[in-house]
Amino acid sequence: MYLGDMQSTYSIQDLSPHLFRDTDLNEVNFERSRGQIIYKVLEYGELKDWKIIRAVYGLDTIRDVAVNLRTLDDVTLSFLVNLFKLEKSDFRCYKLRQSQKIFY
């Protein structure tokens, strides 16, 4: 996990407020809540939020978290596949989606 000097440069309040409107910010920090933070930024964040998590965690940590997320929208999944040079099948959310039965 990266969390070097950049963690002290940024705080949770630097991220877009809409990301954590359902969460007590006193309960969120970059170390303990990395999965939640990365998920919310990937799904709902703005470019400035992406730059912050990239600086705080580094691409390796973001990749490790992202491939294990249960859900990602199609656009985010495609972005991450191209960014990390992976296959969709490398992502847990894609495997789960493929295994779900659709009833009509």
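**Close-up 1. Arg63 and Asp60 meet through their side chains in a salt bridge.** In this predicted model, the N-to-O distance of the pair is 3.3 Å. Both residues sit in helix α3, which runs over residues 47–66. Three residues separate Arg63 from Asp60, about one turn of the helix. Have a look at the neighbouring partner too: Asp60, Arg63 and Asp64 are joined into one network by salt bridges that share partners. Arg63 counts as partly exposed, with a relative accessibility of 27%.

**Close-up 2. A salt bridge between Lys40 and Asp22 links distant parts of the chain.** Here the closest N and O atoms are 2.9 Å apart. Lys40 belongs to helix α2 (residues 34–44), while Asp22 lies in the loop between α1 (5–9) and α2. The two residues are 18 residues apart. Asp22, at 62%, is over the 50% cut-off and so counts as exposed.

**Close-up 3. Lys48 and Asp49 form a salt bridge through their side chains.** The N-to-O distance in this pair is 3.8 Å. Is Asp49 buried or exposed? Asp49 counts as buried, with a relative accessibility of 0%.

**Close-up 4. The structure as a whole holds four salt bridges.** Among them are the pairs Lys40 with Asp22, Lys48 with Asp49 and Arg63 with Asp60.

Note on methods:
Residues numbered from 1 in each chain as written. Predicted model: local features only at pLDDT ≥ 70, side-chain atom pairs only at ≥ 80, totals over all residues. Heavy atoms only, no water. Helix = DSSP H or I, 4+ residues; strand = E, 2+ residues; numbered from the N terminus. Buried < 20%, exposed > 50% of the residue type's maximum accessible area, 1.4 Å probe, protein only.
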